[in-house]
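Biologist: I am new to this structure, and I would like to get to know one part of it well. Please pick a spot and take me through it slowly, along with the aromatic rings.

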Amino acid sequence: MDRVQLQTIARECATPAYLFDIDELISRIKMVKQELAQPIQLCYAMKANPFLLDALKETAASFEVCSPGEFAICERENVPMDM
């Protein structure tokens, strides 16, 4: 996300807003995996940010699901049950 995109969003929202750069998240996850001396498997707890589920299907090894609502989101997004 660059400065122009941020300014456009700020003008359109005209209120405090929460922005999440999914590309940056995925980049950082890959960096952490690469920098560690051994392979890791990321388990994403989707409770706080279930909107990231689709973006993390390829990056996370598994998802922590703690409620029927979270399970329904996984079903809707076609997350394999072994994840």
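This is a predicted model: local features need pLDDT of at least 70, side-chain atom pairs count only at pLDDT 80 or more; totals for chains, interfaces and linings use all residues.

Is L42 buried, partly exposed or exposed? Its relative accessibility is 24%, so L42 counts as partly exposed, since buried would need a value under 20%. Beyond its neighbours within four places in sequence, L42 is in contact with I29, K33, T59, A60, A61 and S62. Take I29 from that list: I29 and L42 are 13 residues apart in sequence, and their C-alpha atoms are 8.6 Å apart in space.

Now for the rings. The structure holds 2 aromatic pairs. One of them joins F20 and F51 edge-to-face, with 5.8 Å from centre to centre and 80 degrees between the planes. This pair links distant parts of the chain, 31 residues apart: F20 sits in the loop between α1 (3-13) and α2 (22-35), and F51 in the loop between β1 (43-45) and α3 (53-56). F20 is partly exposed at 28% relative accessible area, and F51 is partly exposed at 44%.

Y44 and F63 also pair edge-to-face, because their ring centres are 6.4 Å apart and their planes lie at 80 degrees. Y44 belongs to strand β1 and F63 to strand β2 (residues 62-64), so this pair too links distant parts of the chain, 19 residues apart. Both Y44 and F63 are buried.

Technical notes. Residues are numbered from 1 along each chain as its sequence is written. Side-chain values use heavy atoms; hydrogens and water are left out. Rings of Phe, Tyr and Trp (its six-membered ring) pair if their centres lie within 6.5 Å; planes under 30 degrees apart count as stacked, over 60 as edge-to-face and the rest as tilted. Helices (H or I, at least four residues) and strands (E, at least two) are DSSP runs, numbered from the N terminus. Buried means under 20% relative accessible area, exposed over 50%, partly exposed in between (1.4 Å probe, protein chains only). Contact means heavy atoms within 4.5 Å.
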